[in-house]
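Please open the model in your viewer and keep the selection panel at hand. The tour below goes from one selection to the next and says what is to be found at each stop.

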Amino acid sequence: PALLYTPAEGMNIKRFISPTVGVISSIMSGERSQLDGCLQRIRNGNIRVVVFDMDQTAVAQHSRGRLERGEPLENYIQKATHAFLSLVPVLYNSEVGMSIATHSDEAEFGRQKDDGTIIQPETHILGGELAKAVLAHHFSREIAESFFVVAFNPRARKVTEKDKVKRFHMRQIQEHFGVDDPSQILFFDDTKHVVTDCNETCKVNAILVDETHGFRLTDLLENLR
């Protein structure tokens, strides 16, 4: 099982062990300080839910709605960012809600790729199944299953204005966690217009991350005061 943070230990994280591959990630003193700072900012900001986009945020790669099973999937899973893997157990043990909000969507099955092949469930993985595969690989069952995953692509589903961008995602997350004030939702995404719309329309705390790196602890530390 993973060794998890508990609030009473005062950020005394020894290591985090991926239950699937047995990878040990030693948490050095500098990172302990960063994690402590992240948690303090979340508490000071009265944040109840932390939401991550998947592609190029929680995972430093884009699945592009056509990720193949097998080796491509394995490679994708391994690119979950270190910051994401480090912060999630801290949030879980501090009883902060967690969610994935992705445009990867099973509604895209049946679409034709540039080479003429059809994206189908037997050969490709999308949406909720992909998000859950990432979570199940890196975290204990309890942590993985605590995530609320919203996998919804407005273009694939041809929605009305109220569900465009990630408005549907934010509304579902707010309802699921019973959050009355949307500013209590902290959201990380790598797409500028998504972040802008979520801030201005959904009224959540949306923060832009660098798509070349994915989520980093400094994204939270430097932008949530």
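Colour the chain by pLDDT to begin with, since this is a predicted model: the mean pLDDT of the chain is 87, and 88% of its residues reach 70 or more. Then select residues 1-25, where the pLDDT is below 50, although this stretch has 59 contacts in the model beyond near neighbours in sequence.

Buried residues make up 52% of the 225 residues, and the chain exposes about 10,900 Å², of which carbon and sulfur atoms supply 46%. Among the contacts between residues at least 6 apart in sequence, 63% join residues at least 24 apart.

**The sheet**

In what order do the strands of the open sheet lie? The sheet has five strands in the order β5-β4-β3-β6-β7, with parallel pairing. At its edges are β5 and β7 (205-208), each of which pairs on one side only. On average, neighbouring strands of this sheet are turned by 20 degrees against each other, direction ignored.

Select β3 (residues 49-52) together with β4, and you will find the two paired in the parallel sense over four bridges; valine 51 has serine 99 in β4 as its bridge partner. Move on to β4 (residues 97-102) and β5, which also pair in the parallel sense over four bridges, and where threonine 102 has alanine 151 in β5 as its bridge partner.

**The nonpolar cores**

Now select Phe52, Phe84 and Leu87, which touch the most other members of the largest nonpolar core, a set of 44 residues. Helix α3 (residues 82-93) gives the most to this core, with seven residues. Centre the view on phenylalanine 52 and display its surroundings: leaving aside neighbours within four places in sequence, its contacts are Ala58, Phe84, Leu87, Leu91, Ser99, Ile100, Ala101, Phe187, Phe188 and Phe215. A second, separate core holds 20 residues, including Val49, Val150, Val179 and Cys198.

**Helices α7 and α8**

Select helix α7 (residues 167-177), whose buried residues are Arg167, Phe168, His169, Met170 and Ile173. These buried residues pack against β3, β4, β5, β6 (185-189) and α8. Just after α7, glycine 178 takes a positive phi of about 65 degrees.

From there go to helix α8 (residues 192-202) and select aspartate 197, which lies in it. Is this aspartate buried or exposed? Aspartate 197 counts as buried because its relative accessible area is 11%, under the 20% limit. Not counting residues up to four places away in sequence, aspartate 197 touches Val165, Arg167 and Cys202.

**Loops to inspect**

Select asparagine 153, in the loop between β5 and α6 (154-157). Asparagine 153 is buried, because its relative accessibility is 6%, and the cut-off for a buried residue is under 20%. With residues up to four places away in sequence set aside, asparagine 153 touches His103, Asp105 and Glu108. Draw a C-alpha to C-alpha distance from asparagine 153 to aspartate 163: the two are 9.5 Å apart in space and 10 residues apart in sequence.

Two further loop residues deserve a look at their backbone angles. Asparagine 46 is in the loop between α1 (29-44) and β3, and its phi is near 55 degrees, a positive value in a residue other than glycine. Asparagine 46 is classed as partly exposed because its relative accessible area is 45%, which falls between the limits of 20% and 50%. Finish at arginine 64, in the loop between β3 and α2 (71-77), where phi is near 60 degrees, again a positive value in a residue other than glycine.

Note on methods: Residues are numbered from 1 along each chain as its sequence is written. This is a predicted model: local features need pLDDT of at least 70, side-chain atom pairs count only at pLDDT 80 or more; totals for chains, interfaces and linings use all residues. Side-chain values use heavy atoms; hydrogens and water are left out. A nonpolar core is a set of buried Ala, Val, Leu, Ile, Met, Phe, Trp, Tyr and Cys residues joined through side-chain atoms within 4.5 Å. Buried means under 20% relative accessible area, exposed over 50%, partly exposed in between (1.4 Å probe, protein chains only). Contact means heavy atoms within 4.5 Å. Two strands pair if DSSP finds at least two bridges between them. Accessible areas come from the Shrake-Rupley method with a 1.4 Å probe; for residues, only the protein chains shown count as cover. Axes are lines fitted to C-alpha atoms, for helices over the stretch in contact, and angles run from 0 to 180 degrees between N-to-C directions. pLDDT is the predictor's confidence in each residue, from 0 to 100.
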